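Hello,

Here is the structure I promised to hand over. My notes on it follow below.

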Amino acid sequence: MTQAQIPVQNPPVIESSAHKKAWKWYEYFTFNIDHKVIGIQYLVTAFFFYLIGGLMAVAMRTELATADSDFIDPSLYNAFMTNHGTIMIFLWIVPSAIGGFGNFLVPLMVGARDMAFPRLNAIAFWLNPPAGALLLASFLFGGAQAGWTSYPPLSEITAPTAQSFWILSIVLVGTSSILGSINFIVTTLKMKVPSMRWDQLPLFCWAILATSLLALVSTPVLAAGLVLLLFDINFGTSFFKPDANGNVVLYQHLFWFYSHPAVYLMILPIFGIMSEVIPVHSRKSIFGYKAIAYSSLAICLVGLFVWVHHMFTSGTPPWMRLFFTISTLIVAVPTGIKIFSWVATLWGGKIRYTSAMLFALGLLSMFVIGGLSGVTLGVVPFDVHVHDTYYIVAHFHYVLFGGSVFGIYAGIYHWFPKMTGRMMNETLGKIHFVLTFIGTHLTFLPMHQLGLQGMPRRVAMYDPQFEPINQLCTIGAYVLAISVIPFTVNVIWSWIAGEKAGDNPWKAMTLEWTTESPPIIENWEILPVVTHGPYDYGLNGRSPMSEERPPASVS
């Protein structure tokens, strides 16, 4: 065969007209392997569990409005307290922040048609509904009552069947997290379009990459601890039974090796959302791109070495207290870098006070308060003083509720037009923000005072001297509960009949905004070519306040 006879392979023909571009509504309830469908499945399912966990919180705050136990039975209070924390962490914040936004956005932001392993992605999501069902089914057997930490020996002697359901539920969620993490890492590293340099990778993708690495290292440790606990409860082993030479503190090490990094699993994707929302709605290039990207990786690394600060009262040796005090204070540095970079981005920007931006600004205030109280808890003498008081409750709700939920709301208001092709109603959005902001501060700020005065947490009855402040917190919880109503109405109404969004209503510059709204199946008919950075507002001759997008980045 001569060279002239070598057959030439024709370029693939793109049958755009015959290609199915959109899913039917009922296909969102099926085993779909499209990353966008899976992302929305995560978000809707997680919000359903958020409502359930929120109802449990309202019931507990109603009980705590008075000093006596006069609303719900104390054992039911314990079950609500345990499952409220579990649902909010494992079935609301983590699935929505990583599974929901991560699945919808990462392939679009790196210019891929889907995740690296689409079927594995779908399997990871479909582990969540049975996990939630197992958790709720535990109430048929009295409900797990040992708190979301499930410390033995308490977890081994109270409601053992319900506790076993709780453990199986968390193991399923952990398996889902591991599968999802593998997928995110491979997708980011291997499926990024060749024209995108690493310093052009959107900061949300950096955050998801760091989160996935952290989850991959820490989650198996929790799973191992829980399986051993399951064996103790059901099969007569004694890994953690103190009366049979078991080691209770070992469980605490295994639990917190995962569960403190879990804070970063929740907050790092939210940091990524903040880094996307703030420059777009400020019309200004992000300040300190590399510092934000590298600080995500630094938080991922240092976050693995701070878990013992949860165990300062568990007989921890002095040298260990010193080491973990220092490491806890160090982790505040990369977090502070992010906050400084966002504030510097806002400085001098042309800020649009949209609902997304308001929630982003609200998160900044919440996280600063929660971060500062976290630094105080990293210091041993203060931590021992307020251990297991309401100061701890106030701290982690400012970090997890204020820091995470405000970020999730900011992300929903920002990307809702891309997900649905419709704009959300801004008036309802601002009512939602005001109620949420007031309710959050009214509920959790007074808890600092309760803790400093010595009110213990995890109790249904308390000293009457704490009643006035508790009533204030309960009113705040009711305001928070009411705040969900305008949001829910807004989402449903806007999805059905909201104003048409267009492809890029915010004039943003990351790749997901170069697709249709909502994106077609497989995202693009022809893969995009990156011609500029994701935050190049005002660069390359464009006005810093320009509302104009740069030349099209799709060719």
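A residue is called buried when its relative accessible area is under 20% and exposed when it is over 50%, with partly exposed in between. D199, at 35% relative accessibility, is therefore partly exposed. Please keep in mind that this is a predicted model.

Salt bridges: the count is 4. One of them joins the side chains of D199 and R197, with 2.9 Å from N to O. Another pairs D388 with R457, whose closest N and O atoms are also 2.9 Å apart. D388 sits in the loop between α13 and α14, and R457 in the loop between α15 and α16, so this pair ties together parts that are 69 residues apart in sequence. D388 is partly exposed at 32% relative accessibility, while R457 is buried at 17%. D34 and K36 also form a salt bridge, at 3.1 Å from N to O. Here D34 is buried, with a relative accessible area of 3%, and K36 is buried at 6%.

Helices: α14 (residues 390-420) packs on α15 (residues 426-453) at an angle of about 165 degrees, and their axes are 7 Å apart. The two are therefore roughly antiparallel. The crossing of α14 past α15 is left-handed.

Surface: a nonpolar patch consists of F31, I33, I123 and W126, which together have about 330 Å² of accessible area. W126 belongs to helix α3 (residues 118-126) and is partly exposed, at 31% relative accessibility.

Elsewhere, I182 in helix α6 (residues 160-190) is partly exposed at 33%.

Regards

Technical notes: Residues are numbered from 1 along each chain as its sequence is written. This is a predicted model: local features need pLDDT of at least 70, side-chain atom pairs count only at pLDDT 80 or more; totals for chains, interfaces and linings use all residues. Side-chain values use heavy atoms; hydrogens and water are left out. Patches are made of residues with over 30% relative accessible area and no salt bridge: like charges are joined within 9 Å, nonpolar side chains (Val, Leu, Ile, Met, Phe, Trp, Tyr) within 5 Å. Accessible areas come from the Shrake-Rupley method with a 1.4 Å probe; for residues, only the protein chains shown count as cover. Helices (H or I, at least four residues) and strands (E, at least two) are DSSP runs, numbered from the N terminus. Buried means under 20% relative accessible area, exposed over 50%, partly exposed in between (1.4 Å probe, protein chains only). Axes are lines fitted to C-alpha atoms, for helices over the stretch in contact, and angles run from 0 to 180 degrees between N-to-C directions. Angles under 35 degrees count as roughly parallel, over 145 as roughly antiparallel, 65 to 115 as roughly perpendicular and the rest as oblique. A crossing is left-handed if the near helix is turned anticlockwise from the far one by less than a right angle, and right-handed if clockwise.
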